[in-house]
Amino acid sequence: MDKATWVLLLCFYSFLIGNLRAQEIEQSERAERISGAAGDVLEDNPVGRLKVYVYDIPSKYNSKRVKKDPRCLTHMFAAEIFMHRFLLKSPVRTKNPEEADWFFVPVYTTCDLTPNGLPLPFKSPRMMRSAIQLVASKWPYWNRTEGADHFFVTPHDFGACFHYQEEKAIERGILPLLQRATLVQTFGQRNHVCLKEGSITIPPYAPPQKIWAHIIPPETPRSIFVYFRGLFYDVGNDPEGGYYARGARASVWENFKDNPLFDISTEHPATYYEDMQRAVFCLCPLGWAPWSPRLVEAVVFGCIPVIIADDIVLPFADAIPWEEIGVFVAEEDVPNLDTILTSIPTEVILRKQRLLANPTMKQAMLFPQPANPGDAFHQILNGLARKLPHDRSVYLKAGQKFLNWTAGPVGDLKPW
């Protein structure tokens with residue numbers, strides 16, 4: 001396509017986007033109700049439907065780690081910290097373990113950080129094993145089920161496989177002692193050894209105060225058609241190219257770096273959040289894992305997420321109607337992104353924008369302090385409530401065992 005044609009297309013879409021924004025503002029007072037079961041589930045109130053007992057374990061497993069490195073409070077895995085704080089004050093908490101439906105073990109496994117603030121998961125298996133051994137020896141509840149009525153927040157790149165490189169994560173597998181527990185994790189990928197059946201997939205943590213500080217007036221035109229900021233190549237970890245993001249991000253850059261409809265770059269401007277609010281579509285491609293904080297940011301800022309990750313399991317997928325609010329593009333179809341997005345009818349775009357304008361949608365993606373009804377904390381509790389009552393088969397008979405305490409890599413068996 002020649003330059004003149006692109007210019008004409010850009011002018012047309014600038015006109016279209018302006019009209020879309022005008023209609024969006026006109027209809028903003030009646031943000032569309034999420035129809036059907038999804039909307040009902042999204043707005044469920046978990047209070048009264050379950051009781052959670054929070055183990056009081058030594059602070060070396062949790063709060064002391066935050067004091068040692070407060071950066072844990074702001075990285076994308078911080079949900080493990082804030083979920084603990086939320087539960088301590090939540091009306092679903094019970095101090096009588098005999099009446100508990102669920103038991104929560106508050107272990108902060110993502111607080112070992114590099115100088116750049118990236119979590120190192122290498123000590124996490126030993127730390128988790130140590131906490132489970134303590135719980136199993138001090139209280140009788142773990143041993144009744146070997147953890148089948150316990151839940152853990154494990155928000156690493158590949159969850160309880162505790163590694164940030166997929167090949168190593170697959171080789172390690174989920175920590176054996178967590179095989180019967182319910183895992184609350186950011187990682188969600190279909191047919192993957194690091195996603196256990198029954199896990200609750202949650203959004204990564206995005207600091208709510210930081211997000212709300214960047215809200216711009218709703219009448220601001222959405223003058224950007226497609227927006228993305230981030231890596232296209234990870235030369236340091238993928239020197240030959242093609243493995244990072246399975247080549248999808250590289251394909252975005254190679255096909256659309258000169259396309260005026262696409263505002264894409266590796267630079268992360270100070271106006272990043274504001275720019276997302278000026279965009280119609282925000283690209284959410286896989287990286288090393290299938291998810292990223294862009295998914296949260298896009299939903300909160302009303303930018304239609306373009307999800308490029310063939311096997312992704314989306315957060316709270318039983319409550320959020322992702323098919324209705326997002327656009328799914330197969331990784332192999334990335335070269336056709338321009339055609340796909342420009343072919344979406346105006347009325348479909350408008351409906352997605354109205355659904356994204358629904359406050360319940362935004363609340364469900366965030367972990368605010370203090371908590372709000374319908375937020376991500378409550379969505380986790382709703383997910384736990386929907387797994388009740390526990391099947392009687394989770395309770396072990398005398399002498400019955402499922403877990404092997406000596407299984408796993410030799411390094412994981414060392415004391416923590």
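A: On a 1 Å grid over the protein atoms alone, a pocket is an open set of points where a 1.4 Å probe fits, with protein on both sides within 12 Å along at least five of seven lines, and its lining residues are those with an atom within 4 Å of a point. This is a predicted model, in which local features need pLDDT of at least 70 and side-chain atom pairs count only at pLDDT 80 or more, while totals for chains, interfaces and linings use all residues. Residues are numbered from 1 along each chain as its sequence is written, and side-chain values use heavy atoms, with hydrogens and water left out.

The largest pocket is lined by 44 residues, and Met76, Leu118, Asp157, Ser292 and Pro293 are the ones that lie nearest its centre. Its volume is about 1600 Å³, where a volume is the space filled by probe spheres set on the points, and grid points are joined across faces, edges and corners.

By residue type, the lining divides into 21 nonpolar, 13 polar and 10 charged residues; here Ala, Val, Leu, Ile, Met, Phe, Trp, Tyr, Cys and Pro count as nonpolar, Asp, Glu, Lys and Arg as charged, and the others, Gly among them, as polar.

Helices also contribute to this lining: helix H7 (166-172), helix H10 (272-277) and helix H11 (294-300) each supply at least two residues, and the largest share, three residues, comes from H7. Helices here are DSSP runs of H or I with at least four residues, strands are runs of E with at least two, and both are numbered from the N terminus.
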